[in-house]
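Work through the following exercises with the coordinates open, and compare each solution with your own reading of the model.

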Amino acid sequence: DHHFYDTAKLSHNNMLSRFLSSASARHANHVRTLATFDKVGIIGLGLMGHGICQAAAMANNSSQIVAFENEQGFLDGGKTRIENSLNTMVKKERISRDDADAALNRIVFTTDVSQIADADFIVEAVIENIDLKKSLYSQLGAECKPGTIFASNTSSLSITEMAESSGRPDKFVGVHFFNPVQLMKLVEVVRTEHTNPDVYDKAFAWVQEIGKVAVECNDTPGFIVNRLLVPSLMQAMAMVDRNDASVKDIDISMKLGAGHPMGPLHLADYIGLDTCLFIVEGWVENFPDERAFIIPDCLKAKVAAGDLGRKSGRGFYNWDGEKRGDPVS
């Protein structure tokens, strides 16, 4: 999945925390119906899915968490990630060994999709491919019990399209977690024009029950965070295209002038320039009249050349593993 925060740069938490404190206070007075999700299914145990599964299991507000992957290798990999994360939390004395073991024991790991057919709530965290997701929801809509509520963890795709593919659009929401799930508190809870208000309230309450800060959003491209973040990154790149300012000076300006933990071009490199391009290409295609959605020439050129940022060792900056070097000359 394409998410814009990663373990090595938790300095992003500092900027977010100032906003989240006010959001938390606002929603403390927002009375919600208690969630009644006795059985929760998680589809996909990759970067995001394993964290969501772990958070749900640690909350201990459901009797069973069922983790599904269609291949045993992916399932085993997800289980190992959860075990390693829990062990790290024990070593750092954030939780006890007993609590870690209890959380792991609440999770049923399976490659049999029928084991989630009777779940009350299913969170999907598979790769960002709309056709794959629509096919999955069409299958789930046919096989799951009528009362099952579906939730997608997509960061950039249309919740409405997936909801309509499920055959039960009134029982469909978005729950956009941020990476790493174990540490990032924010979850955007997304409604469509079809979402039943009671369904939305239950999903919102579940997010709060697993210890996250929930915010409300309609189904708009990128929801709240990425709708604001991605166009700002594109504007920084457009400045590079126009030779308005250097890469170094753009980033320094946003750090020292706007209080951002890192500049926009540094962040784009960290995210992955291919990921940035994937997001904006989809938005430009689907929303051609939205002037905020642009594809800068320098972004297209760098991705075409294989300069993807941190992951390839070169983007707007030179990289040595996680260490950022000087701007590319």
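A crossing is left-handed if the near helix is turned anticlockwise from the far one by less than a right angle, and right-handed if clockwise. The model is predicted, so that local features need pLDDT of at least 70 and side-chain atom pairs count only at pLDDT 80 or more, while totals for chains, interfaces and linings use all residues. Residues are numbered from 1 along each chain as its sequence is written, and side-chain values use heavy atoms, with hydrogens and water left out.

**Exercise 1.** Determine how helix 3 passes helix 4, and which residues make the contact.

Solution. Helices (H or I, at least four residues) and strands (E, at least two) are DSSP runs numbered from the N terminus. The axes of helix 3 (residues 72–91) and helix 4 (residues 97–105) come within 9 Å and cross at roughly 165°, where axes are lines fitted to C-alpha atoms, for helices over the stretch in contact, and angles run from 0 to 180 degrees between N-to-C directions. Helix 3 is therefore roughly antiparallel to helix 4 (over 145 degrees; under 35 is roughly parallel, 65 to 115 roughly perpendicular, the rest oblique). The crossing is right-handed. In the contact (heavy atoms within 4.5 Å), Ile 82, Glu 83, Leu 86, Asn 87 and Val 90 of helix 3 meet Arg 97, Ala 100 and Leu 104 of helix 4.

**Exercise 2.** Describe the geometry of the aromatic pair formed by Phe 37 and Phe 121.

Solution. The whole structure holds 10 aromatic pairs, meaning rings of Phe, Tyr and Trp (its six-membered ring) with centres within 6.5 Å, stacked if the planes are under 30 degrees apart, edge-to-face if over 60 and tilted otherwise. Phe 37 and Phe 121 are stacked, at 4.4 Å centre to centre and 0° between the planes. Phe 37 lies in the loop between helix 1 (12–28) and strand 1, and Phe 121 in strand 4, 84 residues apart.
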